[in-house]
Amino acid sequence: RLSKDDILNLAEHSVDLGIKTIVLQGGEDDFYTLDYLKKIIEGIKNKFEDTAITLSLGERDFSDFEELKNIGADRYLLRHETYSKSHYEKLHPNSMSFKNRIDSIFKLKEIGFQTGCGMMIGSPFQTYDNLYDDLNFILELKPQMVGLGPFIPHKDTPFRNYKRGNLSDVLKILSIVRISDEKILLPATTALGSIDEFGRENGILAGANVLMPNVGAKKLRKNYKLYDNKIGTEVENSDDFKGLEEKLKKIGYEISPYRGDYR
């Protein structure tokens, strides 16, 4: 867990690097109460008024979503994971509800967030029919963001022995989502770069237009391992960001100096 001061210091460092969107991402952790998040969001917005804040904090009470929007958060990413109820229930504990996940995503959009959904390609038990349903859900929702990348197993989870998603399938789905909406915010995820040395560059060439470099001290990054062999845990703050700039130049792209709001 990061303290309020830790997060505000990281936000300041991000802005110094030229980053105009700060993503606050974490699990459904009771430690991060609404009051606590309010102090963080207001602290960032008061100091860096033109910086966008994207939240990815899982499912919360709908009243929390409304309050977070009112205090200045701009975007909210809540991956739907799968649009199949039976598939969802194979991936999640009984305490989680497929209906609440989908209702939460629509509520975020209703409130006025730039809203993101998404799924892991190659997740356990996934079929091509599931992916077809996912794509139709994206067409129905008309989100401003879609976060998708390969499933990568973690050694300490029940899915540790399942094979990871493959690059080719992810690139195909990225391209389809890009064709569906030329303006959508579509990340080339860190997970893509973790399964292939040129994964993020290939993601950009397939239609992605967002990169999410890890920003933070090395000691903090090492605790943020959603899957095994995650890149970005061994380099210092600026190296990851500047390294991405160099990689983009090699494929004919450059980092935009703007916030990148959906228009």
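Which elements do the buried residues of helix 3 pack against?

Modeller: This is a predicted model. The buried residues of helix 3 pack against helix 2, strand 2, strand 3 and helix 5. Helix 3 covers residues 62-70, and D64, F65 and L68 are buried there. Viewed along the axis of helix 3, the buried residues fall within an arc of 100°, so they line one face of the helix. An α-helix has 3.6 residues a turn, so residues three or four places apart point the same way. Just after helix 3 comes G72, which has a positive phi of about 125°.

Five strands form an open sheet in the order 1-2-3-4-6, and their pairing is parallel. Strand 1 and strand 6 (145-146) are at the edges with a single partner strand each, so one side of each has no neighbour in the sheet. As a general rule, strands of a sheet pair through backbone hydrogen bonds, either parallel or antiparallel. Strand 3 (residues 75-77) is paired with strand 4 (residues 114-117) in the parallel sense, over three bridges. Within this pairing, Y76 has T115 of strand 4 as its bridge partner.

A polar atom of the T115 side chain lies 3.0 Å from the backbone oxygen of F113. Leaving aside neighbours within four places in sequence, T115 is in contact with Y76, I105, L108, K109, P143, Q144 and M145.

Helix 2, another partner of helix 3, lies across strand 1 and strand 2 (52-56) and runs at about 160° to strand 2. The loop between strand 1 (21-25) and helix 2 (34-47) holds E28. E28 is partly exposed, because its relative accessibility is 46%. In sequence E28 and L57 are 29 residues apart, while in space their C-alpha atoms are 5.9 Å apart. Apart from neighbours within four places in sequence, E28 is in contact with L57, G58, E59, M96 and R101. For E59, the backbone nitrogen lies 2.7 Å from a polar side-chain atom of E28.

The aromatic rings come next. A pair of aromatic rings is described by the distance of the centres and the angle of the planes. The count comes to 13 aromatic pairs. One of them joins F31 and Y36: the ring centres are 5.3 Å apart and the planes stand at 55°, so the pair is tilted. F31 is partly exposed, with a relative accessible area of 35%, whereas Y36 counts as buried at 19%.

Another pair, Y88 and F98, has ring centres 5.6 Å apart and planes at 65°, so this pair is edge-to-face. Y88 belongs to helix 4 (residues 85-91) and F98 to helix 5 (residues 98-111), so the pair ties together parts that are ten residues apart in sequence. Y88 and F98 are both buried. They also belong to one aromatic cluster, formed by Y83, Y88, F98, F106 and F137.

Methods: Residues numbered from 1 in each chain as written. Predicted model: local features only at pLDDT ≥ 70, side-chain atom pairs only at ≥ 80, totals over all residues. Heavy atoms only, no water. Helix = DSSP H or I, 4+ residues; strand = E, 2+ residues; numbered from the N terminus. Buried < 20%, exposed > 50% of the residue type's maximum accessible area, 1.4 Å probe, protein only. Contact = heavy atoms within 4.5 Å. Polar contact = N/O pair within 3.5 Å; in protein donor to acceptor, adjacent residues only side chain to side chain. Phe/Tyr/Trp six-rings, centres within 6.5 Å; stacked < 30°, edge-to-face > 60°. Pairing = 2+ DSSP bridges. Axes fitted to C-alpha atoms, helices over the stretch in contact; angles between N-to-C directions. Arc of directions from axis to C-beta.
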